[in-house]
Amino acid sequence: MTATDRSLELISTAAQAAADKLAHDVIAYDVSDVLSITDAFLLASAPNDRQVRAIVDEIEERLLKERGAKPVRREGDRESRWILLDYVDIVVHVQHSEERVFYALERLWKDCPELELPADAKATRGKAEEHTKLQAAEAEQEPGGEW
């Protein structure tokens, strides 16, 4: 079994919305062969809680506006470290970068086929690592002395 056309449309729209809100490392997997509850997972991350919320809000708004889809469940809003949107056909995970590294969902689903995403979403690959290096370089340049 493979993901339905509807699932692929939802994934594509959600991935583009995430990329438009500067998500990092957007990737999607066809999990329909190993899970009976959904067809696909979309993973995305951001370096802070505020951006995680902004990405999730954009995905939710675009899926409703462009595809008429509303999530049946939204979890993780309180702390905004890992927000899950369940659309039945697809499940969207937007994680804080630290949670993304810690939980490493890609390892769990690495045997599942990766889904084709819009070019903007593909361009987000490696952004988390770039961001981490940039932050480290900026931290090194800050004076460490007392006021």
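The questions and answers below concern a predicted model.

User: Is glutamate 58 buried or exposed?
Analyst: Glutamate 58 is found in helix α2, which spans residues 49-67. Leaving aside its neighbours within four places in sequence, glutamate 58 is in contact with Ala17 and Lys21. Its relative accessible area is 16%, and because buried means under 20%, the residue counts as buried.

User: Which element gives the most residues to the largest nonpolar core?
Analyst: This core holds 29 residues, and Val26, Leu42 and Ile59 touch the most other members. At least two residues of the core come from each of α1 (5-20), β1 (24-30), β2 (40-46), α2, β4 (82-86) and β5 (90-96). The element giving the most, with 7 residues, is α1.

User: Which residue in the turn between β3 and β4 has a positive phi?
Analyst: Strand β3, residues 73-75, pairs with β4 in the antiparallel sense over 3 bridges, and arginine 74 stands opposite leucine 85 in β4. The two strands form a hairpin with 6 residues between them, and the turn residue with a positive phi, of about 95°, is glycine 76.

User: What is the bridge partner of aspartate 86 in β5?
Analyst: β4, in which 4 of the 5 residues are buried, pairs with β5 in the antiparallel sense over 5 bridges. These strands form a hairpin with 3 residues between them, where valine 88 in the turn has a positive phi of about 70°. In β5, the partner of aspartate 86 is valine 91.

How values were computed
Residues numbered from 1 in each chain as written. Predicted model: local features only at pLDDT ≥ 70, side-chain atom pairs only at ≥ 80, totals over all residues. Heavy atoms only, no water. Buried < 20%, exposed > 50% of the residue type's maximum accessible area, 1.4 Å probe, protein only. Contact = heavy atoms within 4.5 Å. Core = buried A, V, L, I, M, F, W, Y, C linked by side-chain atoms within 4.5 Å. Pairing = 2+ DSSP bridges.
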